[in-house]
Amino acid sequence: MSERHLSDAEHRQGPSEFVSADAMGATAVAYLVTGPMVFGGLGLLADHLLGIRGLVVLGILGGMALSVYTIWLRYGMTGTDPQGSDESRADTTHEETL
Amino acid sequence: MSMAAALGGLATLSTASGDSFETPTPAIFYLPIIGEGDWAITEQMFWGGVSVLLLSLVMVRLSAKAAVVPTKGQWMMEGFYNFARNGIARDMIGSKDFLRFVPLLFTLFALILLNNLFGILPPVMNPTTGRIGFPIAFTVVVYVVYHWVGISRKGLGGYLAGLVPPGLPGWIKGPIWVLEFITFFITRPLTLALRLFGNMFAGHMLIVLFVSAGAYFLTQGIVFQLLSVPTFIMAAAMVLFEGLVQFLQAYVFTLLAASYIAGAVADDH
């Protein structure tokens, strides 16, 4: 039963790349949905209260830009190996690992 | 679903007389055993309970006589456990903090996997996670845990302040904080529950569609009886495909749960 005694290194391959990508996609989608919805909603509210039009469009576009910026900020510029070792994962936040 | 509509239309055309094919609707997921309406005890609730009993029995039995030289059962059990322990919990959360979350993550993985697999396992043949209540319940557990961990570690103020990545110019912090707050507290748990539900729901609908269409074709003329052969082959292919999706969705759900916990335990920069 030598398979039971895999060395630590063999266990540290990280989650499957395919599944990590799927999880990353879910995280990105959460941001992309939130930005336009929240700021579009705020724009709609402001339009309603001020009796004008157009802020809703500004809110949706601004929210989308903010979402993309946040995704880039958190996940886009790590420069580290995404399948890094366990040690490096231990002291990084989830921002770099997922 | 255009394919469903096309199939339905085809079948309806074929039988000017007699009964026409009815495409499956979401009503196929409502299977009450006792009672009616919102408070009915459903088949899914029954099988959900069975899954808990079954997993408990198997795991207690296989781990009760754990030995240095394992039996085949213990060996398989340990492989399955290590997959969640090392492949998900340790890799996502890091070797410093992961151990106390392993029971939760392993339980989630095993429970969701079995309840997903019920979709292709006779005699159940219906994924219990295709009812929105199950994904919501799993998500509520994850939701409470990752916020609780984050707040107890950094304090409420520290946790909320830590939502914004450090090193940003002041004017953009406000909008980003709002975005992060809504994402952390509303959108993430929502997508977590909905992706599991949606995958299981749609997969089961597809299987039922192909099986019921094939069965319907058998009752029609010779041309349609021949057509039922590829239809049943598609149904079989969908069952295999669903098996893969069911595993992947249990995996992704646990991985996302682990990554949310990892975000909550991560030290501030």
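Modeller: First, the ground rules. This is a predicted model, in which local features need pLDDT of at least 70, side-chain atom pairs count only at pLDDT 80 or more, and totals for chains, interfaces and linings use all residues. Residues are numbered from 1 along each chain as its sequence is written, while chains are lettered from A and ligands numbered from 1 in the order in which they are written.

The part is helix H4 of chain B, residues 102-117. Helices (H or I, at least four residues) and strands (E, at least two) are DSSP runs, numbered from the N terminus. H4(B) has 16 residues. From first C-alpha to last, H4(B) reaches 22 Å, close to the 22 Å expected at 1.5 Å a residue. That expected span is 1.5 Å times one less than the number of residues.

Next, burial. A residue is buried if 20 or more other C-beta atoms lie within 10 Å of its own, exposed if 12 or fewer, and partly exposed in between; C-beta atoms are placed from the backbone. The buried residues of H4(B) include Leu105(B), Phe106(B), Leu108(B) and Phe109(B). Asn115(B) and Asn116(B) are also among them. These buried residues pack against helices H2 (43-64), H3 (72-93), H5 (133-161), H6 (170-218) and H7 (222-265) of chain B. Contact here requires C-beta atoms, placed from the backbone, within 7 Å.

Leu105(B) also counts in the largest nonpolar core. Such a core is a set of buried Ala, Val, Leu, Ile, Met, Phe, Trp, Tyr and Cys residues joined through C-beta atoms within 7 Å. This core has 47 residues, of which Leu105(B), Ala258(B) and Ile261(B) touch the most other members. H2 of chain A and H3, H4, H5, H6 and H7 of chain B each supply at least two residues. H7(B) gives the most, with 13 residues. Leaving out residues up to four places away in sequence, Ala258(B) touches Ile88(B), Ala89(B), Met92(B), Ile93(B) and Leu105(B). A second, separate core has eleven residues, including Phe210(B) and Met238(B).

Now the loop between H4 and H5 of chain B. Phe118(B) sits there. Phe118(B) is buried, with 25 other C-beta atoms within 10 Å. Not counting residues up to four places away in sequence, Phe118(B) touches Trp47(B), Val124(B), Asn126(B), Pro127(B) and Thr128(B). Ser51(B) is 67 residues from Phe118(B) along the chain, yet their C-alpha atoms are separated by 9.0 Å.

Most residues other than glycine have a negative phi, and most peptide bonds are trans. The bond from Pro122(B) to Pro123(B) is cis, with omega near 5°. Pro123(B) is in the loop between H4 and H5. Met125(B) is not a glycine, but its phi is positive, about 50°. Met125(B) is partly exposed, with 14 other C-beta atoms within 10 Å.

Step back to chain B. There are seven helices and two strands. Their order along the sequence is α-β-β-α-α-α-α-α-α. Of the 269 residues in chain B, 38% are buried. The C-alpha trace spans about 70 × 60 × 35 Å along its principal axes. The radius of gyration of chain B is 23 Å, whereas a compact globule of 269 residues would have one near 18 Å. It is taken over C-alpha atoms, and the globule rule is 2.2 Å times the number of residues to the power 0.38.

Last, the partner chain. In all, 29 residues of chain A are in contact with 32 residues of chain B. H2(A) gives the most to the chain A side, with eleven residues. The 34 residues of H2(A) should span 50 Å at 1.5 Å a residue, and the end C-alpha atoms are 49 Å apart, which agrees. Just after H2(A), Gly51(A) takes a positive phi of about 70°.

Methods:
Contact = placed C-beta atoms within 7 Å.
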